Amino acid sequence: MNQLVPLAGATKDSRCPQTVLTSDGRTLTVIDSALDISVRVTPASLYRYDRLDGAEMVQGVAALDADGLVLLDLPAQWYEPDLADFARKAGIPLMDARSHSSARVRAVLAGRAPGWKRLRGLPPPSPAKWRKPVAICGGVVGLGLMVYLASLGMWSAWRAISSMGRFLLDVLEVKWLMVVFSPALLVLRPVFAKVRRWQVRRGAILLSADGSAVKGDFSETLEIFRGLELVTTLRIGVSPGAAFGLLLYRYEDLTGLFILDRHSRPVYHLPGRWSPEHVHLFAERHHLFLAVHGVSREEYLNLTKIASDAMP
């Protein structure tokens, strides 16, 4: 039986996924024991990748169809000799993209086939119900303590408490304790959220449901973020490779946003759910033309290929 299991998690020090990959000829069956689901696909090739996600290097294998679209994404560290042997026995070409830039890899992974899936082989996080109220109460107490110490001028004590908090966070890796030792978050977080919503309503920033963001500034540029990481910066204008317009598309069950140049050629692809109203406000504020419509399979393949080729 041609079978493959991951060596370790997708990132350093992460748990080994409960994933089993088997093949019957060119048909692959992936069993995710953590979620108790299985998926069968018949890919044209396998795509071995490394990419930066913030400060961490994420490894994985993607199953691509004949058009280069992702059928299945399996983030994990797969043992290279076993992976090569598995692909050879299954008769599926294996493409090694570990030397490619993270931007180029993200562009390939953004080209998703209808019904694509990402299986991590890990159970979903299930935070205890008591954590949130305990963290909030701890934050309130911490805020009061910080105010009291500040009123007495005891800045050294403040620094000692902050240092103790950082030590516990490093040792225990209990991220929700950050609220206790950073009580200002209780006040600043809702303020930041309101500011962000205000920016979205003004068209200054564009947010997707998965955390990607496009921000325009006064220097006539678009900054593209993935979480807090600045991925790339694009000029606004008519020069080659510059952002001139937006295409909000739907292809079967997939949606996303293409940033287009003045010849309506995509220079960047942002898959995900974007609010048409917010995209309109953003385009209007930054003087970008906007198109909103469904695309055919041929149009989708052509657009994603051009966007992938445009990545550095």
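A residue is taken as buried under 20% relative accessible area, as exposed over 50% and as partly exposed in between, with a 1.4 Å probe and protein chains only. By this criterion Asp 73, at 1% relative accessibility, is buried. The model is predicted, so local features were required to have pLDDT of at least 70 and side-chain atom pairs pLDDT 80 or more, whereas totals for chains, interfaces and linings use all residues. Residues are numbered from 1 along each chain as its sequence is written, and side-chain values rest on heavy atoms, without hydrogens and water.

Helices (H or I, at least four residues) and strands (E, at least two) are DSSP runs numbered from the N terminus. A salt bridge is assigned where a side-chain nitrogen of Lys or Arg lies within 4 Å of a carboxyl oxygen of Asp or Glu. Under this rule nine salt bridges are counted. One of them joins Arg 297 to Asp 67, with 2.5 Å between the closest N and O atoms. Arg 297 belongs to helix α8 (residues 297-310) and Asp 67 to the loop between β6 (56-64) and β7 (70-75), so the bridge ties together parts 230 residues apart in sequence. Arg 297 is partly exposed at 31% relative accessibility, and Asp 67 is partly exposed at 39%. Asp 65, Asp 67 and Arg 297 are linked in a network of salt bridges.

The buried Asp 73 forms a salt bridge with Arg 118, at an N to O distance of 2.9 Å. This pair connects distant parts of the chain, with Asp 73 in strand β7 and Arg 118 in strand β9 (residues 112-118), 45 residues apart. Arg 118 is partly exposed, with a relative accessibility of 30%. A further salt bridge is formed by Arg 98 and Glu 80, whose closest N and O atoms are 2.9 Å apart. Since Arg 98 is located in the loop between β8 (94-96) and α2 (102-110) and Glu 80 in helix α1 (residues 80-90), the pair ties together parts that are 18 residues apart in sequence. Both side chains belong to partly exposed residues, with relative accessible areas of 27% for Arg 98 and 43% for Glu 80.

Aromatic pairs were assigned to rings of Phe, Tyr and Trp (its six-membered ring) with centres within 6.5 Å; planes under 30 degrees apart count as stacked, over 60 as edge-to-face and the rest as tilted. Five aromatic pairs are found in the whole structure. One of these, Phe 244 with Phe 289, is tilted, with 5.8 Å centre to centre and 55° between the planes. Phe 244 is placed in the loop between β13 (229-235) and β14 (245-251) and Phe 289 in strand β17 (residues 289-294), and the pair links distant parts of the chain, 45 residues apart. Phe 244 is partly exposed at 32% relative accessible area, as is Phe 289 at 31%. Tyr 249, Tyr 251, Phe 258 and Tyr 300 form one aromatic cluster.

A charge is placed over a ring if NZ of Lys or CZ of Arg is within 6 Å of the ring centre and within 35 degrees of the ring normal. Arg 202 lies over the face of Trp 198, at 4.5 Å from the ring centre.

Ser 45 is part of strand β5 (residues 45-53) and is buried, with a relative accessible area of 14%. With contact defined as heavy atoms within 4.5 Å, and with neighbours within four places in sequence left aside, Ser 45 is in contact with Ala 62, Ala 63, Leu 64, Ile 92 and Pro 93.

Pockets were located on a 1 Å grid over the protein atoms alone, as open sets of points with protein on both sides within 12 Å along at least five of seven lines; lining residues have an atom within 4 Å of a point. The largest pocket holds about 810 Å³ of space. Its lining comprises 37 residues, of which Arg 51, Arg 112, Arg 118, Arg 120 and Arg 226 lie nearest the centre. At least two lining residues come from each of β5, β6, α2, β9 and β16 (266-271), and the largest share, five residues, from α2.

Most residues other than glycine have a negative phi. Glu 252 has a positive phi, near 50°; this residue lies in the loop between β14 and β15 (254-260) and is exposed at 55% relative accessibility. Ser 264 also has a positive phi, near 65°. Ser 264 is situated in the loop between β15 and β16 and is partly exposed at 42%.

Conventions. On a 1 Å grid over the protein atoms alone, a cavity is a set of points where a 1.4 Å probe fits but cannot get out, and a pocket is an open set with protein on both sides within 12 Å along at least five of seven lines; lining residues have an atom within 4 Å of a point. Grid points are joined across faces, edges and corners, and a volume is the space filled by probe spheres set on the points.
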